Structures are given as structure tokens and as C-alpha cells.
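Take a look at the model below, then work through the tasks one step at a time.

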Amino acid sequence: MRLEARGVTFRAGPFALVRGATVAVEPGELVAVVGANGAGKSTLLRLLAGDLRPAEGEVLLGGRPLGSFRAAELARLRSVLPQQSRIEFSFTVRQVVEMGRSPHLSGRAAPASHAAAVEAAMRAADVAALAERAYPGLSGGEQARACLARVLAQETPVVLLDEPTAALDIRHQHQVLTVIRGLAAKGRAVLAVVHDLNLAAAYATRVVAMHRGVIAADGPPAEVLTAEVLSRIYEHPVEVVRAGSPERLVVLPRHEVAAGA
């Protein structure tokens, strides 16, 4: 299912956090959104999710305006992993993951596939061993993986993730990106806000670079993750080299020595 924003603008008071953004996420794609703090990445994701309404432009899901979907219908079609998930009650990890199945139940008894989807999601996010642990007692990284498992259990054709690797160690960063890339390989349309440019280079099929609320570049990683584009949007000198076998992009910020140091 295709997700598309056409010329969307979102304002907070007099400030435009996103301006005239046009972007589409196709089935089979993993689109990484990159950019400096305050560039509008999370706002764009929330517009695509339907959590925010654009002041201008429109968002379409499967060619249909996002605002025309009922909440329950939308929850079966797109899942969202926010930057922070506040779960204050002492739910177990299994119960948190089971929340992802609620759009498919509609008050009926849980089908046999319900438990299987929950178990598969916990394995994929590497939280199966934590299934009976209380969510509030987990580390930040463990909580992040439990919330990812909830999104995986929702089994939607469109998946939106805001910084899914932010709290994770290096092993789990690559594990999570492998899982997310696998969703795209199975035909899901996946968009993720990613701060680590090397992870974006390694796993994304397409990269959208944002700068001050505007989409500055959109295309394959090798075309967007260039020294010129990255130095401009981060306002800091960046080098991009090709290394390894098979060859891959490596993004390196330049270290500038202060005068007199």
C-alpha cells in the first residue's frame, strides 16, 4: 500500500516546521529520513501517520485521503513507533506486544493466529526472554525493543518508525534494521527516522534528507548521502568514503581543531 504526502505544510504558531513536503513510500521500500535536530523529520512522520493535520497539502494512503479513514480502519493499515512510548502501568512485555493485535480483534475472541503473531514479534525484536517481565522495570533499550515488537505484531502494510535504534546497543541496532529491512522485502512500505547516517547508508533503499523543514534531497543512498548534501543540511563538514567488501558508504564528520589548541 502506497503512502504519499503532497505538498504538506505544518505550522506551530508562526513557524513552519514542515514546508511544502512531497514524498511517497512505496511497498517494498525502506525510506530513511535524515537531517539535523529540528529539521522536521518527526513532524513529517506524524503528518504521514495522521497524528497531525497539515495546514496545506494532503496525505494519501492507498490513494485515499488519510482523514477519510476511521481510527480502527487506519490502525489495521499503518502502525507507528513514536520516539517515546509512555506505558506507566505494570504491564508485562507480552501484554505490551499484545496491544499491537487489538486492531484485528474487534471484540471477538482472539484467533489462533493472534498468539503466533505475538510470539513471532517478540522473537524478531529479541524480547521473547523478557515476556513475563514488567515493562516499567526494563532498561531503555529493552523498552524500545518491546515497543518495536508491538508494532511488528500489528502486521500492517505501512510501518512508520521514529528513531527505532536511538536507545539500542550496536548489536540490536543492526538486528532491528535487519528486521525492518525484512518488512520492506516482504512488500511493506516502511519509513524510519534515522540519526545514524551509516545505518541509513547500510539498510535504506531510499533516503530523504530534510533541512529546516524542507526536503533537501530524495533518492538512493549513494545519491543523497554525499559530502555536499550532508555538509549543507548538517551545517558541518562531512566526508563520505567507500570502504569494505562489498563496498559500502561510510559517513565521517570532520574534526576541526580550535585555533590555539
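**Exercise 1.** Is phenylalanine 91 buried, partly exposed or exposed?

*Solution.* Start with the cut-offs: buried means under 20% relative accessible area, exposed over 50%, and partly exposed in between (1.4 Å probe, protein chains only). Phenylalanine 91 has 29% relative accessibility, so this residue counts as partly exposed.

Before going on, note that this is a predicted model, where local features need pLDDT of at least 70, side-chain atom pairs count only at pLDDT 80 or more, and totals for chains, interfaces and linings use all residues. Residues are numbered from 1 along each chain as its sequence is written, and side-chain values use heavy atoms, with hydrogens and water left out.

**Exercise 2.** Classify the ring pair of phenylalanine 89 and phenylalanine 91.

*Solution.* Rings of Phe, Tyr and Trp (its six-membered ring) pair if their centres lie within 6.5 Å; planes under 30 degrees apart are stacked, over 60 edge-to-face and the rest tilted. The count by this rule is one aromatic pair. Here the ring centres of phenylalanine 89 and phenylalanine 91 are 6.3 Å apart and the planes stand at 75 degrees, so the pair is edge-to-face. As for accessibility, phenylalanine 89 has a relative accessible area of 62%, so this residue is exposed.
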